[in-house]
Every structure is written in C-alpha cells, then in structure tokens.
Amino acid sequence: MEALIHPDFKGLVVILMSAVFVNNYVLQKFLGICSFLGVSKKLDQATGMSLAVIFVMMLSTAVTWPIQYYLLNPNGLGYMQTIVFILVIAALVQLVEIVLKKYIPSLHSAMGIYLPLITTNCAVLAVTILNVDKSYGFLASMVNSLGSGLGYFVAMVMFAGVRSRMEGGETPESFQGLPILLVAAAIVSVSFFGFAGVIENLFS
Amino acid sequence: MEGILFAIISVTAIGVICAVMLAVASKVMAVKEDERFPAVRACLPGANCGACGYAGCDGYAHALIEEEGIKTNLCVPGADGVSKALSELLGVAFEDVIEQVAVIKCRGDCSVTSPKMDYQGIDSCKAAKLLFGGTGKCAFGCMGLGDCAGICPNDAICLENGIAHINTRQCIGCGMCASVCPNKLITIMPDVEKMLVTCSNTEKGAVTRKECTHGCIACKKCEKECPVGAVTVVDNLARIDYDKCTDCGHCAEVCPTGCIVKGDFSGIHSA
C-alpha cells in the first residue's frame, strides 16, 4: 500500500475549507451541473437535494475507500475502480431509498425524488475517485467528502437565491429560460475564483 | 489470463452481493401499497394528460385514495364512464363530468388572409412566432404549422388551407393543444355550447380588416343585437358570456364578417 496522507487537525480543516470554496465541485470543477440547474429553483428543494448529496457522498466514500485499499489495490485491480465504484454507489443509494421508505417515510417523501438523481450523479463518483487519486487516508477522505457535499450545498443555496432574484427581473425574450440561467451560473462560478489561494494562505 | 479471470470474478461477486442485498432488502422492508391503488389506476385512461390537475394518472389515483373529498369527475378524457367506475369503487356520490372540447378561435385560412413572409424555418409554430411575430399578416392568427396537431393524443386536429381544424368528435378535452399554441388560440370549453367567436385579433377594426377579411372588426353589432346581453366587445374583440348565452344564433346572423359562428361542438363522448 502506498503512503497515505494522514493530516493533523489543521490539515483536515484546510481540506474541508478548500473542498467547500476553492475546489467547489459545482462551480469550479463543473460536476453535477444537471442537478444544480434542475433542482435549484426553490430554496427548500435545493436544501433537500444538498443534504441528500452530503449524505450519499459520505456514505459512498465510507464504502468505496475500503474497497479500493483492501480489495482492488492488493489484487492489482486498480483499473477496475470506475466500474466497481459506480456499481457500489448505485446499489448503495437504492438500498438507502428502500430503508428510508420503510423506516422514515417522511424523510423519504422529502428526499425520495432526489435519491435516484444522485444515483448517477458524477459529483459523487468524482469525490470517491479523487479521494483515491490524492492518496487521502480514511479520515481525510471522509472530511473531503463532507467538504465537497457542503460545497455543493453552498452552491445550491446561493444559486437558489440568485434564481429567486432573477424571477423578479425582466429578462429579454431571447434570454428567457435556460440561456439566462447558464449566464447566471457562469457569473456565480466566476465569483468563486476569488477564493483561489485564499484558504492555503489563511492557514499557512 | 489469470488477472482477467480474477477481475471478472471479483466484479461479478460484488455485483451479485449488491443484487442479493437489494433483493432481500426490498422483500424484507417492502412497504404495503394501498390495495385499492391498482384498481383505481386501472379505471383511469392512462393518457397522463394532466387535465385533472395532477401529475399524470398515477398522481390522480394517489390523490383519490389518500385525500378526502377529491372529486371523481376530474378526468375529462375519461368522461362519465370513468367517473362512474371511480365512484362505485370508492363509494362516493357519482358526479357528472362536464365534457370539454378544444376549439380554435381563428378561421383565417388561405382564402381570407395571406402570409407576410415565405417562411422556411423550423417547422413549428413556436419557432415561427419568434420571427417578427409569426408568419401570417395577422399576428394573432393560426400559422398552421401544427404544434397542436403534433401533440394531440387522439388525432383530432388536422391542417387544412393553412390553418388547424379541430374535429371535436375526436376531441377528448385534455387541453394539451391549448398549452402549446403560441398564440393561445385554443380554448377548452364545455361541449354543450354552440356559439363561438372564431377570431382572436384585438387590433382596431380597420387594421384587422386589412389583415384578414374573416376577422372581428369590433363593430359591436352583436353586442347591440344580442337579446340576452351575452355578447360584449372588449379590446376590439367580441366575447361571449356562456352563462347568459341561449344559443339563439342571432349574433352569427348579424355578424358582417361571419366571425361568430353557430356550430355543433359536441365532443367524443356525446352520442
């Protein structure tokens, strides 16, 4: 097993903060855009979806990390990473849905429609794969997943706010609908470039 | 070779474990569905048109079972038959469905108006509407590119002489055509009505006249002559109040351009 990174507390905070702001999955890496544009219409829906994403990201990291380091790597199957991870994440989300439906119906009806959306969300797969690429230890991986989920949450909530403001404004006819949405998303994304370098320097 | 074999076996094993886990979980933690749901759902026509106001037939069936006081007569395409079946199944009072039909408030075909451009763009009213307000001289009228005919689930709409016509005998009253018409020419009305203003142009009479000889010129003759005061001219366009209208047909007789018509608009469910 190659050397894994096991950062101290300060290192964990840096990982968390940079996952939220600097390496924001939606606004900097442009992953999970489909759900970002689709579900950010209303604040409560955006919040529900984000919480589901945080939960699924952490859960799938907790499952895929051991698979990578105790099953794939020792047997030289590192190249099977993508397919195995997709398989496991999809099955996991389905299982979560079944469990929720049985035991917490209220949460299921609130979160239920978002869970299938997350099943094949590229952001979730990206988090699990990047954790391995960056050789994070288990704890660091979990913190990174939490941060990525929180980053998604921040982006969703911010953009839901932007969209609610946009509804009041007069949009030129040719920009109505998706075009103005993409323009707004691009501007919000540009605003996040301001965070580049801030976090590392803050804690150094 | 061994490497490939091991890879295949291990991935298959993971897949099988996941599958077994899901299968067991879905059996053990199965949630009982209301046993009435399949029966209620079977009564509905399954067009998923949304005329009832719910998201498809499944949504309406769920609402009927779970919520109190949902009326059984909301399914317009299903008409009385569906309403009766639902009422018997759920043990509530039967209510007559007001059958609806879609009608087009434009008769500006090739003989009375003409196009203002030789449109060769995308074959869709929605696209044509974006180009200088439509292809016809009259910006309010039917462009005859057939967005409505394309979405109609029952083939009730045909294109003839450059405009769309609705065969109300085929119309199930779902209202999908009304939602796609960019000029909002199609309205849904009870199929017992007989009178219809077949124009939607709200420009001044002289302007309308130049664009289309069939259009409403807002002369107010119908308003003055109507024996029950059911017709009013608002925004240069005659409008009929169906609560007052007695279907006497007098307005159609006096209308100088013939844009008010008397006809039989009974829908698919009328004998």
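Predicted model: local features only at pLDDT ≥ 70, side-chain atom pairs only at ≥ 80, totals over all residues.
Residues are numbered from 1 along each chain as its sequence is written, and chains are lettered from A in the order in which they are written.

**Chain A**
- Chain A has 10 helices and zero strands, where helices (H or I, at least four residues) and strands (E, at least two) are DSSP runs numbered from the N terminus.
- Confidence in chain A is lowest in helix α5 (residues 105-111), at a mean of 71, and highest in helix α8 (residues 138-168), at 90.
- Of the 204 residues in chain A, 35% are buried, that is, 20 or more other C-beta atoms, placed from the backbone, lie within 10 Å of their own.

**Contact between the chains**
- The contact takes 15 residues from chain A and 14 residues from chain B, two residues being in contact if their C-beta atoms, placed from the backbone, lie within 7 Å.
- On the chain B side there are 10 nonpolar, four polar and no charged residues; Ala, Val, Leu, Ile, Met, Phe, Trp, Tyr, Cys and Pro count as nonpolar, Asp, Glu, Lys and Arg as charged, and the others, Gly among them, as polar.

**Helix pair**
- The axes (lines fitted to C-alpha atoms over the stretch in contact, with angles from 0 to 180 degrees between N-to-C directions) of helix α4 (residues 81-103) of chain A and helix α1 (residues 2-28) of chain B come within 10 Å and cross at roughly 5 degrees.
- α4(A) is therefore roughly parallel to α1(B), a term for angles under 35 degrees.

Key
pLDDT = per-residue confidence, 0-100. Parallel < 35°, antiparallel > 145°, perpendicular 65-115°, else oblique. Buried ≥ 20, exposed ≤ 12 C-beta atoms within 10 Å, placed from the backbone.
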